[in-house]
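Subject: Structure for your files

Hello,

The structure is below, as promised. My notes on it follow directly after.

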Amino acid sequence: MSLKLAYCLPSLYIAGGMERVLTTKANYFADVLDYDIYIILTDGKDRPPFYELSPKVNIVNLDVNFNELWTISSFFKKIPYHLKKQKIYKRRLKEALCKIRPDITISMLRREIDFINSIKDGSIKIGETHVVKENLRYVGVGEKESLINRTVTKLWNRLLIGKLRKLSSFVILTHEDQQKWAQLSNTIVINNPLKTFPSENSLCEQKKVIAVGRYVYIKGFDMLINAWKIVNEKHPDWELHMYGDGDREPLEEQIKLLGLENTCFLDDPVKDIEEKFMESSIHVLSSRCEGFGMVIAEAMSCGVPPVSFDCPCGPKEIIKHGEDGLLVRSFDIEEMAKGICYLIENESVRKEMGRNAKLNAERFRIEKIAMQWEQLF
């Protein structure tokens with residue numbers, strides 16, 4: 001069955017998880033299922049996608065440029081400017097959808113979710129979230145929170161529920177997160193897919209630990225660096241490599257302060273992270289929360305056992321503790337260090353977990369996840 005799908009997303013030039021997953025699905029839907037795929041963007045005009053996109057996928061950039069909002073420091077000055085941008089976005093998206101005439105329009109739950117149901121273009125409307133519920137519409141930065149943040153967040157989320165109820169379906173990444181949306185009766189769980197499933201495995205012999213994610217507060221690299229200080233004291237011949245982009249300055253200062261410059265490295269993001277996983281023996285996820293934790297599945301598909309905080313949401317649904325990886329208590333830096341050291345010191349266990357990880361990651365193959373999407377469509 002050939003379908004025409006339209007995805008709504010801010011941009012594709014960022015090296016983010018949502019962008020990577022959408023690119024993977026869009027490529028498969030277009031190349032294998034022969035769907036007619038459109039990705040409608042608001043920002044990043046003339047900037048190429050970070051991840052390789054099939055030539056069969058159509059890009060429509062509405063050039064609304066919401067990024068200009070970040071140049072305004074005052075929260076209250078942002079409001080009228082945001083409303084103006086939203087009005088432009090609604091008009092241009094309506095024009096685009098009425099021209100494309102998709103069978104199904106998928107909102108990635110960004111700004112269009114506020115008005116997507118009101119656009120009468122004939123398409124069915126679906127929502128898809130890649131963020132755990134608590135962080136979906138959180139107004140604040142990192143650990144900073146104020147009365148205004150809490151009030152606006154509460155009001156914004158209350159309005160969001162009303163918008164989500166009107167969708168045909170609302171796709172959530174984990175069963176754990178689905179339970180938090182008890183107010184909705186239209187939810188369905190579909191995990192993120194792996195882009196590829198490598199035929200080779202890491203030997204788990206190189207003295208390298210890997211972490212992947214943006215250099216932002218939510219990824220918890222500050223906690224990982226503190227844990228690495230403990231690991232480094234016991235195993236100074238091992239290295240930690242973190243791959244991502246964002247604000248690395250505070251992390252660089254932390255590394256210098258702890259004297260870890262020779263074993264702890266902040267690396268740029270790479271398009272082929274699989275190659276880096278193959279060079280590693282342990283993967284670590286130190287996030288304060290996740291929408292799913294795709295990097296865990298990616299590491300496992302390369303035969304690399306993970307050590308992860310048991311954070312909401314995703315890790316506990318991916319990792320079988322003690323079989324293909326380790327789950328440690330969230331925010332417990334000493335437990336994280338202990339878990340890493342355990343796999344460093346027990347090579348046979350590490351390799352066995354790596355083999356199990358490879359087998360258990362089979363369920364995230366794009367072929368299997370795409371079947372679930374095809375059934376929903």
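L109 is found in the loop between β4 (104-107) and β5; helices here are DSSP runs of H or I with at least four residues, strands are runs of E with at least two, and both are numbered from the N terminus. The phi of L109 is near 60°, a positive value in a residue other than glycine. At 7% relative accessibility L109 counts as buried (buried is under 20% relative accessible area, exposed over 50%, partly exposed in between, with a 1.4 Å probe and protein chains only).

This is a predicted model, in which local features need pLDDT of at least 70, side-chain atom pairs count only at pLDDT 80 or more, and totals for chains, interfaces and linings use all residues. Residues are numbered from 1 along each chain as its sequence is written, and side-chain values use heavy atoms, with hydrogens and water left out.

N65 also has a positive phi, about 60°, although it is not a glycine. N65 sits in the loop between β3 (58-61) and α2 (75-100) and is partly exposed, at 26% relative accessibility. The peptide bond from P312 to C313 is cis, with omega near -10°; C313 lies in the loop between β12 (306-309) and α10 (315-318). For reference, most residues other than glycine have a negative phi, and most peptide bonds are trans.

On cysteines: zero disulfides turn up in a search of the whole structure, a disulfide being a pair of cysteine sulfur atoms within 2.5 Å. The closest cysteine sulfur to that of C289 is in C311, 6.7 Å away and too far for a bond. C289 is buried at 12% relative accessibility, and C311 is buried at 0%.

Helix α13 (residues 366-376) has I366, I369, A370 and W373 as its buried residues. Down the axis of α13 these fall within an arc of 100°, so they line one face of the helix (the arc is that of the directions from the helix axis to the C-beta atoms). They pack against α1 (17-31), β5 (124-128) and β6 (169-172), where contact means heavy atoms within 4.5 Å. M371 and Q375, on the other side of α13, are exposed.

Finally, the axes of α11 (residues 333-345) and α12 (residues 347-360) come within 5 Å and cross at roughly 100°. The contact is made by Y342, L343, I344 and E345 of α11 with E347, V349, R350 and M353 of α12. Axes are lines fitted to C-alpha atoms, for helices over the stretch in contact, and angles run from 0 to 180 degrees between N-to-C directions.

Regards
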